[in-house]
Amino acid sequence: MSNLDLIIKDLNKKMKVGNIQLGVDFQEVQKIPFSSCRLNYMTYGGIPVGRIAEFYGADGSGKTTTAIDLAGNAQKMFSDKKVLFIDIERTFDTEWATKLGLDCDNIIYLDPDSMGAEDVFNITIDLVDSGEISLCILDSIGAMVSTQANEKQIGERTYGGISMALTEFSKKITPILARTQTAFIGINQVRDDMNSMYGGTTTTGGRAWRHSCSTRLEFRKGNYIDEKGNNLSRACENPAGNIVNVALVKSKVCRPDRKVGFYTLKYLEGIDYVSDAVDVAIKMGLVVQGGAWFSLVDIETGEILSKYQGKSKLVEYLKENDNYTNFYSKLEKLLNEES
């Protein structure tokens, strides 16, 4: 045994850990998928388990909706664990969450009331450290108030906001998330960047928080759409939904070669995963588009199985026929092979 081996053995014994070793064991990062195929395609499978993800953007851009969608999928993946939802803004809508697929009777809901940010962070650490949380959603960082600010009158100046507490929290929660295999989504707001002479926006919470995130997604509200998915003007009176534009700003768990994506949100149905699946199927070769015609293709033989004029006709066919199950399973297999 070499001198280095003896030192490693002695250090592991002294520190009561086995963290120092020769070589690295590859551990594949498990992911919680989105209901939208397009976002799964962009992120190579979803948000990572055991790490921090940040969703940020303007108000009404789809951040909370997307997080709730992931929460519903987390419940299906980890039936023995709970989803923790921390509602700082106190805007949780059970009817909308149920429509998105979340079992609201089976989540841990934290209403911080008048707690300071430090107290909320300590409670979160204790709950996640139990090992019985699959996904924690913090909605939202920008609405949190520090204990120092809570104790002062309106108009009295405070310094630092929640940045110091958030920095400490992100350092403490990161190893706990990895150990307990818990996913964490921090929903954040954007503010005008007062430090830039060119304007623009920035997120709240300071830089240390951003460095702690392994995935950062920026959300923007896209065009309004009608029942068939056609774009409407901004001045329309009764849209059936809208497009949610998503940009992959940072990723440490997949290749950053798919930077921009979107998904279709219907106000009466939730996420239109069939419409999104068709878009990804075109990239994967399961559907061939020629002008206004969309053809379902047998990917093994290249044979055209059926042909439809307009994307809405194909989406309608897939929703109303049992063939959709086969189509989706093939698409999911191709996505899994890529990720």
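Me: Which residues do ring pairs link into a cluster?
Reply: This is a predicted model, in which local features need pLDDT of at least 70 and side-chain atom pairs count only at pLDDT 80 or more, while totals for chains, interfaces and linings use all residues. Residues are numbered from 1 along each chain as its sequence is written, and side-chain values use heavy atoms, with hydrogens and water left out. Rings of Phe, Tyr and Trp (its six-membered ring) pair if their centres lie within 6.5 Å; planes under 30 degrees apart count as stacked, over 60 as edge-to-face and the rest as tilted. The cluster joined by ring pairs is made of Phe121, Phe169, Phe184 and Trp209.

Me: What is the angle between the planes of Phe169 and Phe184?
Reply: The structure holds 7 aromatic pairs. Phe169 and Phe184 form a tilted one, with 5.8 Å from centre to centre. The angle between their planes is 55 degrees.

Me: How many residues apart in sequence are the parts that Phe169 and Phe184 tie together?
Reply: Helices (H or I, at least four residues) and strands (E, at least two) are DSSP runs, numbered from the N terminus. Phe169 lies in helix 7 (residues 163-180) and Phe184 in strand 7 (residues 183-192). The pair therefore ties together parts whose separation in sequence is 15 residues.

Me: Is the pair of Phe184 and Trp209 stacked or edge-to-face?
Reply: The ring centres of Phe184 and Trp209 are 6.4 Å apart. Their planes stand at 70 degrees, so the pair is edge-to-face.

Me: Which helix holds Trp209, the partner of Phe184?
Reply: Phe184 lies in strand 7, and its pair with Trp209 ties together parts that are 25 residues apart in sequence. Both residues are buried, where buried means under 20% relative accessible area, exposed over 50% and partly exposed in between (1.4 Å probe, protein chains only). Trp209 lies in helix 8 (residues 207-212).

Me: Within what arc do the buried residues of helix 10 fall?
Reply: In helix 10 (residues 311-320), the buried residues are Leu314, Val315, Tyr317 and Leu318. They line one face of the helix, because seen down its axis they fall within a limited arc. That arc, taken from the directions from the helix axis to the C-beta atoms, is 160 degrees.

Me: With which residue does Arg38 form a salt bridge?
Reply: A salt bridge is a side-chain nitrogen of Lys or Arg within 4 Å of a carboxyl oxygen of Asp or Glu, and the structure holds 12 of them. For Arg38, the closest N and O atoms are 3.7 Å apart, and the partner is Asp279.

Me: Over the ring of which residue does the charged end of Arg38 sit?
Reply: A charge sits over a ring if NZ of Lys or CZ of Arg is within 6 Å of the ring centre and within 35 degrees of the ring normal. The charged end of Arg38 is 3.9 Å from the centre of such a ring, that of Phe262.

Me: What separates Glu168 and Lys172 along helix 7?
Reply: Glu168 and Lys172 form a salt bridge, with the closest N and O atoms 3.8 Å apart. Glu168 counts as partly exposed at 45% relative accessibility, and Lys172 is partly exposed at 46%. Because they are 4 residues apart in helix 7, they are separated by about one helical turn.

Me: What is the relative accessible area of Asp272?
Reply: Asp272 forms a salt bridge with Lys319, the closest N and O atoms being 3.4 Å apart. The pair links distant parts of the chain, the loop between strand 13 (270-271) and helix 9 for Asp272 and helix 10 for Lys319, 47 residues apart. Lys319 is partly exposed at 41%. Asp272 is buried, with a relative accessible area of 5%.

Me: Is Thr201 buried or exposed?
Reply: Thr201 lies in strand 8 (residues 201-203). At 52% relative accessibility, Thr201 counts as exposed.
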